[in-house]
Amino acid sequence: MKVLAAGVVPLLLVLHWKHGAGSPLPITPVNATCATRHPCPSNLMNQIRNQLGQLNSSANSLFILYYTAQGEPFPNNLDKLCSPNVTDFPPFHANGTEKARLVELYRIIAYLGASLGNITRDQKVLNPYAHGLHSKLSTTADVLRGLLSNVLCRLCSKYHVSHVDVTYGPDTSGKDVFQKKKLGCQLLGKYKQVIAVLAQAF
Amino acid sequence: MPTQILQIAFIQKYLCKMFTLQTWIVQALFIFLTTESIGELIVPCAHIHPESSVVQLGSNFTAVCVLKEKCMDDYHVTANDIFWKTGRVPVPYEQYSVINRTASSVTFPNITLINALLTCNIRMFGQINRSVYGIRIISGLPPEKPKNLSCIVNEGKKMMCQWDPGRETYLETNYTLKSEWATEKFDDCKAKRDTPTSCTVDYPPVYFVNIEVWVEAENALGKVTSDHINFDPVDKVKLNPPHILSVNSSKELSSILKLTWTDSRFKSFITLKYDIQYRTKDASTWNQVPPEDTSSTRSSFTVQDLKPFTEYVFRIRCMKEDGKGYWSDWSEEASGITYEDRPSKAPNFWYKIEPSHAHGTRSIQLKWKTLPPFEANGKILDYEVTLTKWKSHSQNYTVKDTKLTVNLTNDRYVATLTARNLVGKSDASVLTIPAWDFQATHPITDLKAFPKDNVLWVEWTAPNESVNRYILEWCVLSDKSPCIPDWQQEDGTVHRTYLRAPSRGPTVRTKKVGKNEAVLEWDHLPIDVQNGFIRNYTIFYRTVIGNEIAVNVDSSHTEYTLSSLTSDTLYMVRMAAYTDEGGKDGPEFTFTTPKFAQGEIEAIVVPVCLAFLLTTLLGVLFCFNKRDLIKKHIWPNVPDPSKSHIAQWSPHTPPRHFNSKDQMYPDGNFTDVSVVEIEANDKKPFPEDLKSLDLFKKEKVNTEGHSSGIGGSSCMSSSRPSISSSDENESAQNTSSTVQYSTVVHSGYRHQVPSVQVFSRSESTQPLLDSEERPEDLQLVDNVDGSDGILPRQRYFKQNCSQHETSPDISHFERSQQVSSVNEEDFVRLKQQQISDHISQPYGSGKMKMFQEVPAVDAFGPGIEGQVERFETVGMEDAVDEGMPKSYLPQTVRRGGYMPQ
């Protein structure tokens with residue numbers, strides 16, 4: 001999706017979603033004010049819930065599509081190769097306040113979005129003919145981007161949060177093929193697990 | 001330096017879209033053509049302000065033309081000499097205003113729709129008009145604020161928005177769709193020129209995020225923005241239609257059909273609702289499943305309250321449950337047939353006593369009406385008739401027909417009738433057949449019939465006693481047809497009815513008969529024979545030996561296609577029209593299905609014909625390309641002496657000077673028939689030839705010529721110059737003295753070598769040539785030394801008689817012989833045999849080469865004609881090389897034919 005840089009929003013993390021983003025980027029708050037291009041809709045939380053539901057409904061099929069496309073040994077060694085052991089994954093506390101949950105959700109979506117960008121980039125090289133997988137990864141990334149926009153809008157409009165520190169997963173560009181596949185599989189396993197929790201929490 | 005001003009003819013019609021470019025072109029033309037100097041900076045003679053001239057319709061427009069001082073000096077003009085034109089039409093002077101000495105303005109009040117060239121012109125020296133500058137004026141309107149902006153997201157595609165652009169602007173107007181989230185902006189979507197009212201964005205839709213969209217319209221006169229609309233794309237979705245997987249009936253319930261389908265992936269995260277419609281196959285209106293029954297996501301639905309054994313057609317569409325968005329398109333239609341149910345009504349039942357000659361018995365024909373489909377509830381397999389005599393056992397009959405004739409005693413009987421289908425039997429119709437002596441004691445009275453409302457009513461007075469039912473019998477009274485009784489049954493409570501059953505059935509005919517199908521058509525029954533409302537038609541068709549098949553057709557139809565027919569088969573078809581009260585068969589119609597489908601024969605014949613034509617064409621082309629070869633093998637050219645042209649041998653013909661044969665025949669493809677002659681003669685015993693040759697020799701010596709006849713075709717004549725000479729004069733002389741009076745048949749035909757050379761004397765009375773009549777000329781020729789001609793003859797021999805190198809000894813031999821008058825090669829051969837071995841041997845070897853060449857020549861050479869032709873050419877060459885002033889050589893050489901003599 002083509003995106004024009006939006007200078008109005010200081011917290012425009014969309015720019016960080018470019019392929020290759022693998023390390024935390026310094027988010028420098030421009031100022032304390034928080035403004036959006038147009039007012040956020042009143043049903044924003046409902047939209048966030050729907051987005052999480054949408055992501056949750058497709059997470060498992062994305063995971064299956066991914067490890068199937070990688071070929072052996074992935075489909076028969078999911079426990080070893082695709083266990084959701086992702087270090088530095090942002091935490092989420094379902095019993096927190098809405099603001100805290102939204103901030104944590106923001107971090108998770110930013111992390112997942114960047115990681116999904118890496119996976120998409122790697123898969124286009126490693127499995128250039130897995131068009132179904134590419135399409136599903138892109139669609140998921142688009143939904144994550146929309147979710148990030150909604151969360152940002154909510155944080156900004158209701159809680160006046162203008163800055164959230166985010167972290168990103170490891171950059172896979174220097175890894176070998178197997179490691180790229182394995183890290184992607186682990187990330188999607190984690191994504192499937194986390195998104196179910198998030199869909200419940202909101 | 002004098003200023004050059006050129007008149008420019010401008011094209012009046014310019015397209016609106018091109019106006020900018022054209023303005024530039026116009027200005028460029030003026031710059032280039034209205035100049036003050038050549039080779040220096042081009043300076044226009046004047047300027048018009050404003051340069052850009054898009055004018056709003058209805059406004060005033062003023063343009064000012066300012067002359068350059070230098071131009072004014074050169075042409076001695078001022079602003080008073082300026083006049084304006086729009087296109088080629090001068091602008092009235094009333095619209096002018098001279099501002100000062102150099103500037104003149106023109107004003108167009110309340111400007112109308114215009115797209116024209118406005119030029120500033122000067123009038124020089126009284127009469128000469130020159131255009132000095134021009135601008136294009138285009139009028140139009142600023143864009144209106146786009147209205148009714150709406151967007152739609154077709155599932156699987158990108159979002160498309162459309163709007164009402166408002167009034168026509170008459171100008172090039174750009175419409176740009178802008179969109180953004182609360183946190184970021186998307187790329188603009190520029191509407192295409194041909195669809196300025198819509199635009200499809202180039203990013204995929206993201207649901208559950210509000211997007212704000214608006215349209216900007218801009219042209220040369222202004223820019224305007226539509227109202228912004230803010231929506232969630234999921235509320236603008238038009239889903240893909242569901243796909244109906246199956247329509248299943250239930251054996252337990254004949255009134256239901258279960259519909260199953262698959263639909264959008266959206267149902268995994270949004271709730272859908274459905275719209276299901278159904279109809280019977282022949283109906284045109286749809287029934288609606290109550291929306292509240294399908295207001296949630298599901299993948300199947302059971303439709304109830306359907307008629308048994310009836311085909312229903314279904315379609316379904318879906319949308320978001322909350323009603324936001326658009327209904328999907330209707331799915332593909334799918335149909336299913338409800339299961340059969342037992343016949344819902346007993347057939348109407350009656351009897352007729354037929355005369356019987358047997359004593360004590362009577363023949364009874366029981367007859368009943370077929371049940372209409374909506375009462376049969378399935379396919380009626382058969383009817384069961386039970387006849388019970390008083391205090392006796394029953395007789396059971398199973399009948400497929402609608403009548404049964406039985407012989408009964410004169411006793412009273414009770415008959416019952418049931419119709420049976422796959423599921424069960426109908427209720428029984430009970431009919432009492434009274435004993436033969438039964439007298440009806442209370443008949444009805446006052447039976448009347450009268451037409452009313454286009455039907456025939458029957459009215460009667462009921463008896464006092466209770467009545468179970470009435471049976472009405474009638475027939476059509478006609479002079480043309482006998483009285484065929486028909487009947488109908490009425491309840492016992494009524495005393496008035498109309499004749500409801502059709503009095504006749506529809507007449508079916510074929511509209512089109514195919515190999516495996518037939519289109520039947522019929523006319524609606526006239527109202528006066530319908531006797532009620534036609535509920536449906538039934539088509540019965542069968543082959544001579546096959547079972548009858550019945551097809552029910554809705555009463556609104558007048559056409560039906562029978563399919564799965566057998567080709568080349570006779571079919572019998574009839575139709576029955578049914579009202580609520582029964583049906584009536586129409587006449588039977590027969591047709592035969594063709595053996596081949598339409599176009600099938602053509603599909604076979606046409607390719608065969610085309611293939612034949614193609615083969616023929618290829619054959620002709622092949623023959624055309626190989627015509628020389630074919631001609632050679634089939635009808636080689638045979639010279640006709642009567643068509644010879646002696647004139648061409650005229651001594652007055654100027655000689656041609658060829659330096660070599662190669663010049664005359666660049667292809668160098670020479671083959672000489674004389675070789676054949678030599679070969680042929682070589683195979684012949686010499687003593688025989690010797691006589692003839694001696695004879696020839698004598699003749700030639702006497703006549704200073706030879707009579708080899710058709711020289712061109714004769715190997716003898718062809719070989720003559722080669723052998724006899726070293727002496728060119730003699731060669732020429734021999735040629736010139738040749739009398740074309742005889743024909744030589746030689747060389748055989750095709751590859752055959754004749755065993756004997758045949759010389760036939762021509763009957764021609766053509767006078768002798770001059771050379772023969774003037775021997776002194778020949779003598780002169782004889783005196784010319786022909787030593788120079790040896791080499792050409794050698795070449796001739798090489799090329800004509802052999803493709804190999806001919807031994808130079810031959811030339812030597814020829815020179816040594818110096819045969820002055822005897823030129824016949826046979827003679828030479830004779831002489832040759834008589835000379836010493838050291839001479840004959842090389843010649844013999846050379847000769848052998850030649851002989852060996854013959855088959856090759858025949859096989860690979862261009863043919864006999866070619867050989868002869870080349871021979872003639874050689875003769876000509878010899879003469880030419882010698883520079884004979886009086887040459888009797890052929891003037892033309894025709895390839896593939898004989899040299900004209």
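Mentor: Buried means under 20% relative accessible area, exposed means over 50%, and partly exposed lies in between. Keep in mind that this is a predicted model.

Trainee: Why is B:Cys45 called buried?
Mentor: Its relative accessible area is 1%. The cut-off is under 20%, so B:Cys45 counts as buried.

Trainee: What makes B:Cys45 and B:Cys71 a disulfide?
Mentor: Their sulfur atoms are 1.3 Å apart. A disulfide needs the two sulfur atoms within 2.5 Å, so this pair qualifies. B:Cys45 lies in the loop between β2 and β3 of chain B and B:Cys71 in helix α2, so the link ties together parts 26 residues apart in sequence.

Trainee: Why is A:Cys34 called partly exposed?
Mentor: A:Cys34 has 24% relative accessibility. Buried would need under 20% and exposed over 50%, so A:Cys34 is partly exposed.

Trainee: Which cysteine does A:Cys34 pair with?
Mentor: A:Cys34 forms a disulfide with A:Cys156, with 1.5 Å between the sulfur atoms. A:Cys34 sits in the segment before α1 of chain A and A:Cys156 in helix α4, 122 residues apart. A:Cys156 is at 3%, so the label there is buried.

Trainee: Is B:Cys623 buried or partly exposed?
Mentor: B:Cys623 is at 38% relative accessibility, so partly exposed is the label. B:Cys318, at 0%, is buried.

Trainee: How many disulfides are found over all chains?
Mentor: A search of the whole structure gives seven.

Notes
Residues are numbered from 1 along each chain as its sequence is written. Chains are lettered from A and ligands numbered from 1 in the order in which they are written. This is a predicted model: local features need pLDDT of at least 70, side-chain atom pairs count only at pLDDT 80 or more; totals for chains, interfaces and linings use all residues. Side-chain values use heavy atoms; hydrogens and water are left out. Helices (H or I, at least four residues) and strands (E, at least two) are DSSP runs, numbered from the N terminus. Buried means under 20% relative accessible area, exposed over 50%, partly exposed in between (1.4 Å probe, protein chains only).
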